[in-house]
Amino acid sequence: MSASPISPAPAPNRTTVWLDGAVMDGREARVPVFDHGLLYGDGLFEAMRINNRRVFRMERHLARLSAGAKALGIELPGGLAGMQKIVLETAREHAEPDAYVRLIVTRGDGGLGVDPRSCPHPRVICIVGAIALYPADKLKAGIDLVTVSVRRPTADSLDPRVKSLNYLSSVLSRREANLRHADEALVLNDSGLVAEASVANVFAVLGGELVTPPATQGALEGITRGALLDLARELGISAAERPLGRFDLFAADEVFLSGTAARVVPVATLDGQPIGTGSGERPVTVQLAAALARLGDTTGVPF
Ligand SMILES: Cc1ncc(COP(=O)(O)O)c(C=O)c1O
């Protein structure tokens with residue numbers, strides 16, 4: 001396990017922001033203090049990736065946003081077409097061929113009470129810039145994962161399938177991992193089985209089969225996760241969604257994380273124990289990462 005805590009704040013990159021109908025430099029963007037996204041974490045977001053001037057799996061991201069908005073009772077201003085227009089307009093203005101997109105919909109400005117009826121107009125914010133979750137050398141060598149004490153909220157309190165603005169559970173799990181000098185957190189659900197990492201899905205390769213827990217185990221239905229399951233099947237790698245325990249990760253030949261920001265991140269150790277043989281050979285992870293990169297470069301909504 002590495003000796004030093006990971007990831008100090010990244011250097012401020014140039015960002016382009018769509019806010020309340022105007023596109024601006026990120027340093028100019030200001031949100032009123034009465035926005036319920038700030039006051040209560042009341043809202044939701046999507047993170048998308050731009051590869052080669054195309055937004056990867058945009059329709060799936062927007063479908064997830066739409067399902068989450070319904071669950072929270074927030075109407076997307078302009079509907080899905082409105083969301084798509086905002087993302088593409090901000091991406092065009094940003095003009096970088098490869099970037100990270102954060103699309104946010106808050107309940108909007110309202111009173112100091114929690115009652116959502118005081119917020120008649122949801123607010124949309126779109127940020128296009130860059131993100132780096134882990135140091136570049138770690139992406140190759142593999143990250144150190146620790147099992148944290150913070151559990152994924154259950155579906156009857158805060159359904160993890162809604163990508164809401166309330167990310168305290170993810171923040172606290174990552175903080176615990178930082179304090180323990182690891183790169184990332186393995187987060188369990190209330191049954192003690194694997195839910196996901198703080199902001200990424202978990203995969204294991206067990207006897208040649210790719211396995212990831214179903215979203216009902218406490219994971220977000222990751223768009224990258226879905227793409228990897230599709231790619232595995234196309235590549236003839238058998239793939240399944242079924243519950244995993246820590247036992248399975250210790251027994252696995254390979255473990256990796258997936259996410260829009262992270263893409264495919266190999267896991268070198270779990271709780272100090274090397275994954276697989278410890279040789280650093282990860283044929284399935286490498287094959288899937290390459291296939292995902294190819295898919296990202298050749299598909300997506302162009303702008
Ligand atoms: C909690 C959580 N799980 C999983 C993921 C991975 O999902 P996706 O592949 O859609 O980025 C994310 C991404 O931000 C996340 O926040």
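This is a predicted model: local features need pLDDT of at least 70, side-chain atom pairs count only at pLDDT 80 or more; totals for chains, interfaces and linings use all residues.
Visitor: Which residues come nearest to the ligand?

Guide: The shell has 16 residues, and Lys-163, Tyr-167, Glu-196, Thr-224 and Thr-260 come nearest. By class, the shell holds 5 nonpolar, 7 polar and 4 charged residues.

Visitor: How do I read the polar contacts here?

Guide: Look for N or O pairs within 3.5 Å. A polar side-chain atom of Glu-196 lies 2.5 Å from a ligand nitrogen. For Arg-64, a polar side-chain atom is 2.9 Å from a ligand oxygen. Thr-224 places a side-chain N or O atom 2.6 Å from an oxygen of the ligand.

Visitor: How much of the ligand's accessible area does the protein cover?

Guide: The protein covers 96% of the 380 Å² that the ligand has on its own. Helix H6 (223–234) and strand E13 (254–259) are the elements that give two or more residues to the shell.

Visitor: How many aromatic pairs are there?

Guide: Ring centres within 6.5 Å make a pair. The count here is 2. Phe-45 and Tyr-167 are edge-to-face, because their planes meet at 65°, with centres 5.1 Å apart. Phe-45 sits in strand E3, Tyr-167 in the loop between strand E7 and helix H5, 122 residues apart.

Visitor: Is each of these two residues buried or partly exposed?

Guide: Phe-45 is buried at 8% relative accessible area. Tyr-167, at 22%, counts as partly exposed.

Visitor: What is the geometry of the Phe-203 and Phe-256 pair?

Guide: That pair is stacked, with 4.9 Å between centres and 15° between planes. Phe-203 lies in strand E10 and Phe-256 in strand E13, so the pair ties together parts 53 residues apart in sequence. Both Phe-203 and Phe-256 are buried.

Conventions:
Residues are numbered from 1 along each chain as its sequence is written. Side-chain values use heavy atoms; hydrogens and water are left out. A residue is near a molecule or strand if one of its heavy atoms lies within 4 Å of it. A polar contact is a pair of N or O atoms within 3.5 Å; within protein, one must be able to donate a hydrogen and the other to accept it, and residues adjacent in sequence count only if both atoms are side-chain atoms. Accessible areas come from the Shrake-Rupley method with a 1.4 Å probe; for residues, only the protein chains shown count as cover. Helices (H or I, at least four residues) and strands (E, at least two) are DSSP runs, numbered from the N terminus. Ala, Val, Leu, Ile, Met, Phe, Trp, Tyr, Cys and Pro count as nonpolar, Asp, Glu, Lys and Arg as charged, and the others, Gly among them, as polar. Rings of Phe, Tyr and Trp (its six-membered ring) pair if their centres lie within 6.5 Å; planes under 30 degrees apart count as stacked, over 60 as edge-to-face and the rest as tilted. Buried means under 20% relative accessible area, exposed over 50%, partly exposed in between (1.4 Å probe, protein chains only).
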